[in-house]
Amino acid sequence: WIKRNIDSDKTLLADKLEEFEKITMETVETSRRLYNNLYPQMLTDIGIIGALQWLLSSYKTTTNIDIEFNTNISQEKGMEINSNISLVLFRIYQECFTNILRYAKANLVVIELRMENEHIVLSIEDDGVGFDINAVDTKAHHGLLGMRERAVSLNGMINIDSTLGKGTKTTVLIPLMEYVE
């Protein structure tokens, strides 16, 4: 279009270039969003501890839920955690919070991330309404199935404990030995 119209009205040319720039910027932004959906850049930039705290902070400002975060892992040590483990923990954390926000009606959520006997353990516990685990069809509830598949993909395990009227506790255990960077 530019080649064919280079000698045209400069205002028309400027308008068209502005339109092309807008389309290009939208394409770049969409590409970034897609990439971050696959692997959030913040995991590389600030590590799993920082990424979980960032999400926690955003949840705190957009909900009325009291959220506590405890860890025995230093920020520096968190930066050393393998990217595969970081991504799995991050996605499971996101899915747990999605479920808490949609269904739990929780007032308090306590998150713990710790290293324990050559494992990394993520625990997310809420004081919400809970649910009957046996009544949930994981084929219909892709989030729960996805969390389990993510943990198992790293030879880990996930345990979801829920009591009606008392809340839910999700615990993820992933071995560190096989995934040292």
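Buried means under 20% relative accessible area, exposed means over 50%, and partly exposed lies in between, with a 1.4 Å probe and protein chains only as cover. By that scale Glu19 is partly exposed, with a relative accessible area of 39%.

This is a predicted model, in which local features need pLDDT of at least 70 and side-chain atom pairs count only at pLDDT 80 or more, while totals for chains, interfaces and linings use all residues. Residues are numbered from 1 along each chain as its sequence is written, and side-chain values use heavy atoms, with hydrogens and water left out.

**Colour by confidence**

Begin by colouring the chain by pLDDT, the predictor's confidence in each residue on a scale from 0 to 100. The chain has a mean pLDDT of 88, and 90% of its residues reach 70 or more. Confidence is lowest in α2, at a mean of 78, and highest in strand β3 (residues 119-126), at 98. Helices (H or I, at least four residues) and strands (E, at least two) are DSSP runs, numbered from the N terminus.

**Helix α2**

Select Leu17, which is placed in helix α2 (residues 10-38) and is partly exposed, at a relative accessible area of 42%.

Next, show the side chains of Glu19 and Lys16, which form a salt bridge whose closest N and O atoms are 3.7 Å apart. A salt bridge is a side-chain nitrogen of Lys or Arg within 4 Å of a carboxyl oxygen of Asp or Glu. Both residues lie in helix α2, three residues apart, about one turn of the helix. Lys16 is partly exposed, with a relative accessible area of 21%.

**Further salt bridges**

The structure holds four salt bridges, and another of them is found by selecting Glu80 and Lys77, whose side chains meet at 3.6 Å, N to O. Glu80 and Lys77 are separated by about one helical turn because they stand three residues apart in helix α4 (residues 75-80). Lys77 is partly exposed, at a relative accessible area of 39%.

Salt bridges that share partners join Glu112, Arg114 and Glu116 into one network. Glu116 counts as partly exposed at 33% relative accessibility, and Arg114 counts as partly exposed at 24%.

**The sheet**

Show the strands as a cartoon, and look for an open sheet of five strands in the order β1-β2-β3-β5-β4, with mixed pairing. Because β1 (66-71) and β4 (157-163) stand at the edges, each with a single partner strand, one side of each is left without a neighbour in the sheet. Two strands pair if DSSP finds at least two bridges between them.

Select strand β2 (residues 108-116) together with β3: the two run antiparallel and are joined by eight bridges. Ile111 has Ile124 in β3 as its bridge partner, and Met115 stands opposite Ile120 in β3. The two strands form a hairpin with two residues between them, and Asn117 in the turn has a positive phi of about 50°.

On β3 itself, six of the eight residues are buried, so that the strand is mostly covered. β3 also pairs with strand β5 (residues 167-175), in the antiparallel sense and over eight bridges, and here Ser123 has Thr171 in β5 as its bridge partner.

**Loops to finish**

Select Ile65, in the loop between α3 (41-62) and β1, which counts as buried at 11% relative accessibility. The C-alpha atoms of Ile65 and Ala106 are separated by 6.6 Å, although these residues are 41 residues apart along the chain.

Lys105 is found in the loop between α5 (83-104) and β2, and counts as exposed at 69% relative accessibility. Its phi is near 55°, a positive value in a residue other than glycine. A last stop is Asn155, in the loop between α6 (142-153) and β4, where phi is near 60°, a positive value in a residue other than glycine.
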